[in-house]
Amino acid sequence: MPMTDEHIHPVATGLAKQTVDKHQEKQDIVLWSGWFCPFNQRIWMALEERKIAYHYNEVNPYKKEKHFLDLNPLGLVPTLEIKSKSDGSSKALYESDVLVEYIQDLYPESDEHPSIFPSDTYDKSWTRLNVQHISKKIIPAYFKLQQFQESSDQEKAREELYQGLKTLTDRVKLPFFNGDQFTAVDLSLAPFVRRFYNLVEFRDLDESKVGEKWLKYRENLMNRESLKNTSSEDQYYTEILERYLKNEAQSEVAKATRGGQSLP
């Protein structure tokens, strides 16, 4: 019996497809990507924000090719393949939080390669702490609200999401988390905000309950070019998100949420 997610739309669409087409030349960095994945989108955004040359390679993790598994035995996107200029060999990195740090460390901050972390040592660590807040408080509540089927469980998850968003919003300087600079906090959250429309329609999410400051912040996130240019059309996200709403998705995150475990 095929996995539920096996027949997803195979490629990016809309503005994301245009971005894919611009990144088909051979490069030393290859983004093994799943257009549909919010964790993947944060790495894609980081590459765009830092203006780093990369080759985009779409992969369906439910139909894993050998070379992809050689790079990442877990078979998960995003994965970065780093090719050696000297001998053509490849090595790989994965896990989105690790990849954000790697992308930051590739080049010093400059007009050519804007930083996604503040330069101040304290502010940099504060950024990392708030990325953890998103990973530990906001994203788990997001997936629970999608997948839980009982109304009482949905209500609890919805309140957890509101609280996680309120805590973060209190720390936001505007227009972005750290003020004018777009940082790892913003790109960690933006792909999920992009998908909130599904929770609004099907899980009674009311973002006005988080407050006016949140609404301003989320508008700034939604208008960010790196988010728009790595986003596919709603209809294709909706097809995938429907499986989460029915608690039928077979991603590792969906399985962890279903089993009451920490997200991988």
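Let's start at Asp97, a residue that is partly exposed, with a relative accessible area of 37%. Here buried means under 20% relative accessible area, exposed over 50%, and partly exposed in between, using a 1.4 Å probe and protein chains only. The model is a predicted one, so local features need pLDDT of at least 70 and side-chain atom pairs count only at pLDDT 80 or more, while totals for chains, interfaces and linings use all residues. Residues are numbered from 1 along each chain as its sequence is written, and side-chain values use heavy atoms, with hydrogens and water left out.

Asp97 has a partner. Arg42 forms a salt bridge with Asp97, and the closest N and O atoms are 3.3 Å apart. The term salt bridge stands for a side-chain nitrogen of Lys or Arg within 4 Å of a carboxyl oxygen of Asp or Glu. Because Arg42 sits in helix 2 (residues 38-49) and Asp97 in helix 4 (residues 96-106), the pair ties together parts that are 55 residues apart in sequence. Helices (H or I, at least four residues) and strands (E, at least two) are DSSP runs, numbered from the N terminus. Arg42 counts as buried, at 1% relative accessibility.

Now look at the two helices that carry this pair. Two packed helices are described by the angle between their axes and the distance between the axes. For helix 2 and helix 4, the axes come within 10 Å and cross at roughly 0°. Such axes are lines fitted to C-alpha atoms, for helices over the stretch in contact, and angles run from 0 to 180 degrees between N-to-C directions. Helix 2 is therefore roughly parallel to helix 4; angles under 35 degrees count as roughly parallel, over 145 as roughly antiparallel, 65 to 115 as roughly perpendicular and the rest as oblique. On the helix 2 side the contact (heavy atoms within 4.5 Å) is made by Phe39, Arg42, Ile43, Ala46 and Leu47, and on the helix 4 side by Ser96, Asp97, Leu99, Val100 and Ile103. Sorted by class, this contact has seven nonpolar, one polar and two charged residues. In this scheme Ala, Val, Leu, Ile, Met, Phe, Trp, Tyr, Cys and Pro are nonpolar, Asp, Glu, Lys and Arg are charged, and the others, Gly among them, are polar.

Most residues other than glycine have a negative phi, and most peptide bonds are trans. Glu95, in the loop between strand 4 and helix 4, has a positive phi of about 75° although it is not a glycine. Glu95 is partly exposed, at a relative accessible area of 38%. Lys51, in the loop between helix 2 and strand 2 (55-58), also has a positive phi, about 55°, without being a glycine. At 52% relative accessibility, Lys51 counts as exposed.

One joins Val77 and Pro78, with omega about 0°; Pro78 is in the loop between helix 3 (66-71) and strand 3. Another runs from Leu174 to Pro175, with omega near 5°, and Pro175 is found in the loop between helix 6 (151-171) and helix 7.

That brings us to helix 7 (residues 184-194), whose axis comes within 9 Å of that of helix 5 (residues 121-147), crossing at roughly 10°. Helix 5 is thus roughly parallel to helix 7. Helix 5 brings Thr127, Asn130, Val131, Ile134, Ile138, Ile139, Tyr142 and Phe143 to the contact, and helix 7 brings Ala184, Val185, Ser188, Leu189 and Phe192. By class, the contact has 10 nonpolar, three polar and no charged residues.

What does UniProt list for residues 120-240? Its unreviewed entry gives "domain: GST C-terminal" for this stretch, bearing in mind that annotations may be inferred rather than shown by experiment. Over residues 120-240 the chain is 73% helix and 0% strand, and the end C-alpha atoms are 40 Å apart.

Let's close with charge pairs again. The count comes to 14 salt bridges. One of them joins Asp28 and Lys85, with the closest N and O atoms 3.6 Å apart. This pair links distant parts of the chain, 57 residues apart: Asp28 is in the loop between helix 1 (14-21) and strand 1 (29-33), and Lys85 in the loop between strand 3 (79-83) and strand 4 (90-94). Asp28 is partly exposed at 33% relative accessibility, whereas Lys85 is exposed, with a relative accessible area of 73%.
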